[in-house]
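Open the model in your viewer and keep the selection panel at hand. Each stop below says what to select and what is there.

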Amino acid sequence: MDKLKKVLSGQDAEDRGGLAEVAETSSLSWNTRIKGFIACFVAGILCSLLGTLLLWVPRKGLYLFAVFYTFGNIASIGSTVFLMGPMKQLKRMVEPTRLIATVMVLLCFTLTLCSAFWWHNKGLALIFCILQSLALTWYSLSFIPFAR
């Protein structure tokens with residue numbers, strides 16, 4: 001368990017400096033991080049499920065689905081910030097092995113919301129939600145060695 005804590009918090013192979021020690025003293029405890037991760041992840045899943053239920057609402061259902069589904073996925077990805085910390089998460093997102101996957105996920109998030117709010121195109125919103133799911137799968141697989 002200690003090894004997992006060190007890897008997720010970025011302490012595994014880093015040289016500890018004075019600034020890192022200051023940041024560590026002001027960070028959340030491991031139990032609080034786990035609780036934050038679970039709460040944010042569950043909120044993301046509930047938001048995505050709510051979006052799926054709202055899909056059947058007449059006239060505005062697809063727009064609501066696109067918005068809630070996207071916010072749910074953002075919350076689910078954001079939940080890992082509690083485990084790794086924001087800077088470690090950002091550094092890992094732009095590593096060469098997952099940079100393209102990260103860009104695709106962020107692009108799909110943006111295009112889904114644009115198609116729902118500005119373009120008012122239900123077909124595009126649905127296509128971008130499907131592409132969002134595929135991009136998130138690719139992004140998630142990029143964290144598993146040799147999975148892509």
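Select residues 125-147. The end C-alpha atoms of this span lie 29 Å apart, and the span is 74% helix and 0% strand. Bear in mind that this is a predicted model. The UniProt record, an unreviewed entry, lists 125-147 as a "transmembrane region", along with 36-57, 63-87 and 99-119.

Next, take 63-87 from that record. Here the chain is 92% helix and 0% strand, with end C-alpha atoms 33 Å apart.

Now go to the largest nonpolar core. Select Leu62, Tyr63, Phe65, Ala66, Val67, Tyr69, Leu113, Ala116, Ala125 and Cys129: these 10 residues make up the core. Colour by helix. Helix 4 (61-78), helix 7 (99-117) and helix 8 (122-141) each supply at least two of the core residues. The largest share, 6 residues, comes from helix 4.

Centre on Val67. Which residues does Val67 touch, leaving aside those up to four places away in sequence? They are Leu113, Ala116 and Phe117. Another core, of 9 residues, lies apart from the largest one; among its members are Met93, Val105, Cys108 and Ala135.

The structure holds 4 aromatic pairs, and Phe117 with Trp118 is an edge-to-face one: 6.4 Å centre to centre, 75° between the planes. Is Trp118 buried or exposed? Trp118 is exposed, because its relative accessible area of 63% is over the 50% cut-off. Phe117 has 44%, so it counts as partly exposed.

Move to Tyr139 and Phe143. Their ring centres are 5.3 Å apart and their planes stand at 80°, so this pair is edge-to-face too. Why is that angle enough? Planes over 60 degrees apart count as edge-to-face. Tyr139 is buried, at 6% relative accessible area. Phe143 is partly exposed, at 28%.

Arg98 lies over the face of Phe143, 3.9 Å from the ring centre. Arg98 itself is buried, with a relative accessible area of 4%.

The side chains of Glu95 and Arg98 meet in a salt bridge, at 2.7 Å from N to O. How many salt bridges are counted? The count comes to 1. Glu95 has 30% relative accessibility, so it is partly exposed, whereas Arg98 is buried, because 4% is under the 20% cut-off.

Notes: Residues numbered from 1 in each chain as written. Predicted model: local features only at pLDDT ≥ 70, side-chain atom pairs only at ≥ 80, totals over all residues. Heavy atoms only, no water. Core = buried A, V, L, I, M, F, W, Y, C linked by side-chain atoms within 4.5 Å. Buried < 20%, exposed > 50% of the residue type's maximum accessible area, 1.4 Å probe, protein only. Helix = DSSP H or I, 4+ residues; strand = E, 2+ residues; numbered from the N terminus. Contact = heavy atoms within 4.5 Å. Salt bridge = Lys/Arg side-chain N within 4 Å of Asp/Glu carboxyl O. UniProt positions renumbered as here; feature names shortened; annotations may be inferred. Phe/Tyr/Trp six-rings, centres within 6.5 Å; stacked < 30°, edge-to-face > 60°. Lys NZ or Arg CZ within 6 Å of the ring centre and 35° of its normal.
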